[in-house]
Amino acid sequence: SHHYRAPMNYTFELAAQSEAAMRTLSAFRAKLDFVILKNHAGTSSQDIATQIARFDDEFFASLNDDFNTPRALAAIFNLMNACVPMLYSLQTSEAKQLRKQLNQALVVLGFSIALPTIPVRIRQLAKAREAQRIARRFDESDALRARITHDGYFIEDTPIGPLIIKS
């Protein structure tokens, strides 16, 4: 990102970095949606409220500073990085609040994240993989993971169940 008054320095390396940043945002958003979908009880954390308040201060201060978008994006990534360690212990209401803040900030900056729908076949393979993993049949589980990966998806084993993300 750059400041709107500064000349734009376009390179393929910067384009690749921007693409990687969008993948990181999408993956974080998918994880939030997963926590919400699981209707996870979680353990309430005042820390999430503190992180969101800190984010609001940083984000809006950057916008009030001559619409400093690099600093605003840094605030978004700071929030995500602060929340990753507690992500799977969030209550559903906390995950919804965090998702709302993230979405609002992205809209202000002109971004939107549309998460892909995971095909039924991939979800079935993931379910079969999880059954094999629970049964401690790791060779079969790994083979199913390889098929899922080959088809362009990634499985992250989380404390609340397997999460499927488009690669």
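Where does D66 lie? In this predicted model, D66 sits in the loop between helix 2 (46-64) and helix 3. The backbone of D66 has a positive phi of about 60°, although D66 is not a glycine. F67 belongs to the loop between helix 2 and helix 3 as well. Its phi is also positive, at about 50°, and F67 is not a glycine either. Most residues other than glycine have a negative phi. D66 is partly exposed, with a relative accessible area of 31%. F67 is partly exposed too, with a value of 35%.

The protein contains 6 helices and 2 strands. Along the sequence, the order is α-α-α-α-α-α-β-β. The C-alpha atoms occupy a box of roughly 55 × 40 × 20 Å along the principal axes. Of the 167 residues, 37% are buried. Contacts between residues at least 6 apart in sequence were also examined. Of these, 74% join residues at least 24 apart.

Helix packing was examined next. Two packed helices are described by the angle between their axes and the distance between the axes. Helix 1 (residues 12-37) and helix 4 (residues 92-108) have axes that come within 9 Å. These axes cross at roughly 150°. An angle over 145 degrees counts as roughly antiparallel, so helix 1 and helix 4 are roughly antiparallel to each other. The crossing of helix 1 with helix 4 is left-handed. On the helix 1 side, the contact involves L25, F28, R29, L32, D33, V35 and I36. These meet T92, A95, K96, L98, R99, L102, N103 and L106 of helix 4. By class, the residues of this contact are 9 nonpolar, 2 polar and 4 charged.

Helix 4 also packs against helix 3 (residues 69-83). Here the angle is about 160°, and the axes are 11 Å apart. Helix 3 is therefore roughly antiparallel to helix 4. The crossing of helix 3 and helix 4 is left-handed. Helix 3 contributes I76, L79, M80 and C83 to the contact. Helix 4 contributes L98, L102, A105 and L106. The contact of helix 3 with helix 4 holds 8 nonpolar residues, with no polar and no charged ones. In helix 4, L98, L102 and L106 take part in the contact with helix 1 and in the contact with helix 3.

Q101 is another residue of helix 4. Its relative accessibility is 10%. The cut-off for a buried residue is under 20%, so Q101 counts as buried. Setting aside neighbours within four places in sequence, Q101 contacts I52, F55 and D56.

F55 is also part of an aromatic cluster, together with F59 and F60. The whole structure holds 2 aromatic pairs. One of them joins F59 and F60. A pair of aromatic rings is described by the distance of the centres and the angle of the planes. For F59 and F60, the centres are 5.2 Å apart and the planes are at 85°. Planes over 60 degrees apart count as edge-to-face, and the pair of F59 and F60 is of this kind. The two rings belong to residues that differ in accessibility. F59 is buried, with a relative accessible area of 1%. F60 is partly exposed, with a relative accessible area of 42%.

Terms used
Residues are numbered from 1 along each chain as its sequence is written. This is a predicted model: local features need pLDDT of at least 70, side-chain atom pairs count only at pLDDT 80 or more; totals for chains, interfaces and linings use all residues. Side-chain values use heavy atoms; hydrogens and water are left out. Axes are lines fitted to C-alpha atoms, for helices over the stretch in contact, and angles run from 0 to 180 degrees between N-to-C directions. Helices (H or I, at least four residues) and strands (E, at least two) are DSSP runs, numbered from the N terminus. Angles under 35 degrees count as roughly parallel, over 145 as roughly antiparallel, 65 to 115 as roughly perpendicular and the rest as oblique. A crossing is left-handed if the near helix is turned anticlockwise from the far one by less than a right angle, and right-handed if clockwise. Contact means heavy atoms within 4.5 Å. Ala, Val, Leu, Ile, Met, Phe, Trp, Tyr, Cys and Pro count as nonpolar, Asp, Glu, Lys and Arg as charged, and the others, Gly among them, as polar. Rings of Phe, Tyr and Trp (its six-membered ring) pair if their centres lie within 6.5 Å; planes under 30 degrees apart count as stacked, over 60 as edge-to-face and the rest as tilted. Buried means under 20% relative accessible area, exposed over 50%, partly exposed in between (1.4 Å probe, protein chains only).
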